[in-house]
Amino acid sequence: MSFYQGRELLPQRFRLILLSVMQATGLPFSDVLTEEEIEDAFDEQESWFAQEDDDIFTPPLTLWAFLSQVLHKEEQRSCLAAVSRVMVLLVALGREPCAKNNGAYCKARAKLPEVFIERLATRVADGCEKRVPDEWLWKGRHVKLADGTTVSMPDTPENQEVYPQQAEQREGLGFPVARMVVLMSLTTAMVCGMAIGPYAGKETGELALMRQLVDHLDPNDILLTDRYFCSYFMIAMLLTRDIEFVARLHHSRNEDAYRVKRLGKGSYFVEWPRPSKPDWMEDETYNQMPESITLRQIKVKVEEPGFRVESFVVVTTMTDTKEYSNDDIAQLYRKRWHIELDIRAIKCTLGMDVLRCKTPEMVHKEIWTCLLAYNLIRKTMLQSAKNTIHSPRQLSFTNALQNMAASWVVLPTLDNPTITLMISTQIKSLASQLVDKPKRANRVEPRAVKRRPKPHRLLTMPREEARELLRSGVDPYEKQK
């Protein structure tokens with residue numbers, strides 16, 4: 001069947017999504033997340049809907065519209081704007097346009113299984129990680145980064161019940177806040193896993209969320225984190241799975257304690273004894289933990305002026321000093337900063353810092369859809385880098401996002417030769433906008449912005465109270481004589 005003969009059936013096929021994310025046969029990593037894999041993942045959930053010929057919001061079209069919301073910001077991110085893009089696509093494919101309201105789309109979006117979207121996102125990351133060339137790896141090994149962040153969401157009773165606002169904020173003045181820990185690849189910059197929970201409360205910290213992500217790590221991986229994750233039980237848990245660990249020494253630990261052997265200037269073997277059993281751990285698990293673990297401790301001096309610290313201590317389970325020198329470990333730890341930039345790309349460039357959905361179930365789907373879009377964008381960057389001399393992290397994520405958003409509606413409406421030409425052109429163009437590495441290295445920037453915020457007064461009472469005062473002729477924010 002030719003493309004033009006089957007174009008009206010495209011909204012019933014997940015090929016629609018692959019076309020819009022600039023995927024075509026013959027590209028590197030093209031066998032990662034095929035149309036058959038997407039269909040199989042959806043079949044596993046047994047959640048098919050809208051299967052009649054005249055149904056509009058099928059699973060492929062609904063996910064296509066949901067992803068389109070992630071690629072846009074402000075007003076263009078609304079459900080109504082997504083429906084407008086669906087209308088344009090349907091007319092271009094020779095079908096009747098849908099009604100210009102978002103009711104049917106929102107109902108269809110709610111039927112998409114969260115697990116389905118999550119599996120697509122992680123399959124993209126895992127598939128690409130297995131196929132990266134060895135020269136992109138650190139000493140031939142896969143390195144994963146982990147860090148925590150927070151997101152806010154609309155102030156609805158449903159969201160407040162699951163993700164309460166911060167305790168010091170008055171009711172009606174705050175927003176629900178969720179804490180997240182993300183696991184990312186140093187090589188591909190893709191999200192390999194994510195755990196989410198309330199901002200405060202028992203077992204809601206970053207370490208508790210990180211324990212949920214250990215299964216996403218493979219034997220022989222290296223986990224690279226900041227000092228918050230530098231915990232005895234976290235390290236011991238990783239060692240039982242043959243996973244190496246590199247982190248900055250936690251500030252509560254004395255760097256001079258537990259030394260057992262000097263390896264050189266500022267470098268030691270240290271032995272950490274097993275602490276008391278924490279409340280969250282079962283007795284059987286605690287008894288299986290080693291009574292002590294031997295680690296390597298390295299003091300790193302910071303020579304660059306303007307940096308906030310002059311020295312810090314790195315702890316690692318990689319004790320082979322011949323295979324991994326002190327400089328190797330120090331340079332590896334320096335790459336931890338990449339996850340800060342990657343989270344910034346997700347929260348600021350993709351706009352995931354403030355979510356739009358009004359129930360926790362839809363909040364989870366919105367997050368995973370954003371992470372799926374992020375991984376698919378990163379995949380196009382891998383494909384561009386594979387055909388050039390550049391590494392994936394030299395390419396601009398913002399440029400890749402702009403390219404994908406620009407051709408989102410257009411690509412599925414073209415004929416096959418034009419689709420191939422368009423995707424090839426877009427993929428090649430990603431290598432034309434590089435992150436200027438020499439200018440970015442060791443740069444020092446003040447934590448301040450030049451643009452002044454608009455001088456709006458802050459809401460210091462519930463909105464309804466302020467409205468009642470205004471109705472009675474009193475401006476609650478005007479100084480009274």
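Just after helix H3, Glu46 takes a positive phi of about 50 degrees. Helices (H or I, at least four residues) and strands (E, at least two) are DSSP runs, numbered from the N terminus. The model is predicted, so that local features need pLDDT of at least 70 and side-chain atom pairs count only at pLDDT 80 or more, while totals for chains, interfaces and linings use all residues. Residues are numbered from 1 along each chain as its sequence is written, and side-chain values use heavy atoms, with hydrogens and water left out.

Helix H3 itself spans residues 35–45, and Glu35, Ile38, Ala41 and Phe42 are buried in it (buried means under 20% relative accessible area, exposed over 50%, partly exposed in between, with a 1.4 Å probe and protein chains only). These residues lie on the same side of H3, because they cover an arc of only 130 degrees around the axis, the arc being that of the directions from the helix axis to the C-beta atoms. The cover over the buried residues of H3 includes helix H2 (15–20), helix H4 (59–70) and helix H7 (114–131).

Tyr105 is located in helix H6 (residues 103–111) and is buried, with a relative accessible area of 0%. Apart from neighbours within four places in sequence, Tyr105 is in contact (heavy atoms within 4.5 Å) with Phe57, Thr62, Ala65, Phe66, Gln69, Cys79, Ala82 and Val83. Between Tyr105 and Leu61 there are 9.6 Å, C-alpha to C-alpha, and the two are 44 residues apart in sequence.

Most residues other than glycine have a negative phi. Lys139, which is not a glycine, has a positive phi of about 50 degrees. Lys139 sits in the loop between H7 and strand S1 (143–152) and is partly exposed, at 41% relative accessibility. Tyr258 also has a positive phi, near 65 degrees. The loop between strand S5 (244–248) and strand S6 (259–264) holds Tyr258, which is partly exposed with a relative accessible area of 42%.

The protein chain as a whole contains 18 helices and nine strands. The C-alpha trace spans about 75 × 75 × 50 Å along its principal axes. Of the 481 residues, 49% are buried. Among contacts between residues at least 6 apart in sequence, 67% join residues at least 24 apart.
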